[in-house]
Amino acid sequence: MAGLSIAVVLDSAPTHPYHIATMAAIGHAAAALSLSPDTLVTPSDTLADPGAVEAYAAIVIGPGSPYRAPEAVLAMIRAARERGVPLVGT
């Protein structure tokens with residue numbers, strides 16, 4: 001499926017077990033569905049526009065609370081819910 005993109009909100013380092021597990025889970029799901037999504041890992045303190053959720057097929061809020069920008073994470077969750085963008089929180 002062309003243009004399939006997933007935003008992953010993660011504040012952990014790429015070597016952190018939570019980060020590795022989250023990305024592996026997305027990879028396993030994509031493989032099971034024969035998909036090749038573009039996955040953008042976004043730290044919470046870089047979430048500037050909650051309306052940007054519309055650019056993604058899905059949003060994953062990764063583990064790692066407390067987030068550096070908890071208000072931005074909540075705004076992203078709210079925007080996804082209000083705009084009908086699939087969202088998974090871990």
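View 1. The lining of the largest pocket comes out at 16 nonpolar, two polar and no charged residues (nonpolar: Ala, Val, Leu, Ile, Met, Phe, Trp, Tyr, Cys and Pro; charged: Asp, Glu, Lys and Arg; polar: the others, Gly among them). The space inside is about 290 Å³. Here a pocket is an open set of points on a 1 Å grid where a 1.4 Å probe fits, with protein on both sides within 12 Å along at least five of seven lines, and lining residues have an atom within 4 Å of a point. Of the 18 lining residues, Ile6, Ile26, Ala29, Ala58 and Val60 sit closest to the centre. α1 (17–32), β3 and β4 each give two or more residues to the lining, and α1 gives the most, with six.

This is a predicted model, with local features needing pLDDT of at least 70 and side-chain atom pairs 80 or more, while totals for chains, interfaces and linings use all residues. Residues are numbered from 1 along each chain, and side-chain values use heavy atoms, leaving out hydrogens and water.

View 2. Ala72, Val73, Ala75, Met76, Ala79 and Ala80 are the buried residues of α2 (buried is under 20% relative accessible area, exposed over 50%, with a 1.4 Å probe and protein chains only). They fall within an arc of 160° seen down the axis, so they line one face of the helix. Turned away from that buried side are the exposed Glu71, Leu74, Arg81 and Glu82.

Key
Helix = DSSP H or I, 4+ residues; strand = E, 2+ residues; numbered from the N terminus. Arc of directions from axis to C-beta. Points joined across faces, edges and corners; volume = space filled by probe spheres on them.
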